[in-house]
Amino acid sequence: MEFSIIPDKEALSKCAWCQSHIDDHMEVFDFGAKLKSNVDLSEYESHCIQIGLVSEEKPIYMMVTAQGSEAKSEGKDGMFLVCSKKCGKKLKKALAEEISLAKMFNPAWPD
Ligand SMILES: [Zn+2]
């Protein structure tokens, strides 16, 4: 699988779902996702990548967690940063329902 790496600064300043601006003064939410065992993103570890969607004309941003990190040890292979619970819900729905994403992620994610 091929993904574009996006600069951390850009990924960390935008909601993974609605792309609205996020800054330190806002309450942000994050959640982790588990990849299927046949999906290998090790070459993107500790980078942020852009994943294209089929149903929406926009990509989502995901941080690929690094080996040895706390998130990784909790079973989170990827992390999403969202601006609201609503965006988190929509993103989780897309992860489960988008054909391209459902192939990548395990439907049950750790909270
Ligand atoms: Zn949002």
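**Exercise 1. How many cavities of 30 Å³ or more does the structure hold?**

Before we start, note that this is a predicted model, where local features need pLDDT of at least 70 and side-chain atom pairs count only at pLDDT 80 or more, while totals for chains, interfaces and linings use all residues. Residues are numbered from 1 along each chain as its sequence is written, and side-chain values use heavy atoms, leaving out hydrogens and water.

Step 1. On a 1 Å grid over the protein atoms alone, a cavity is a set of points where a 1.4 Å probe fits but cannot get out. Grid points are joined across faces, edges and corners, and a volume is the space filled by probe spheres set on the points.

Step 2. The count is one, and the largest cavity has about 40 Å³ of space.

**Exercise 2. Find what lines the largest cavity.**

Step 1. Lining residues have an atom within 4 Å of a point; here they include Lys 14, Cys 48, Tyr 61 and Met 79.

Step 2. Strands are DSSP runs (E, at least two residues), and helices are runs of H or I of at least four, numbered from the N terminus. β4 (59-64) and β5 (78-82) each give at least two lining residues, with β4 supplying the largest share, three.

Step 3. By class, eight are nonpolar, none polar and one charged.

**Exercise 3. Describe the largest pocket.**

Step 1. A pocket is an open set with protein on both sides within 12 Å along at least five of seven lines. The largest holds about 150 Å³ of space. Of its 10 lining residues, the closest to the centre are Phe 29, Phe 31, Lys 85, Gly 88 and Lys 92.

Step 2. α3 (85-97) and β2 (29-33) each supply at least two lining residues; α3 gives the most, four.

How values were computed:
Nonpolar A, V, L, I, M, F, W, Y, C, P; charged D, E, K, R; others polar.
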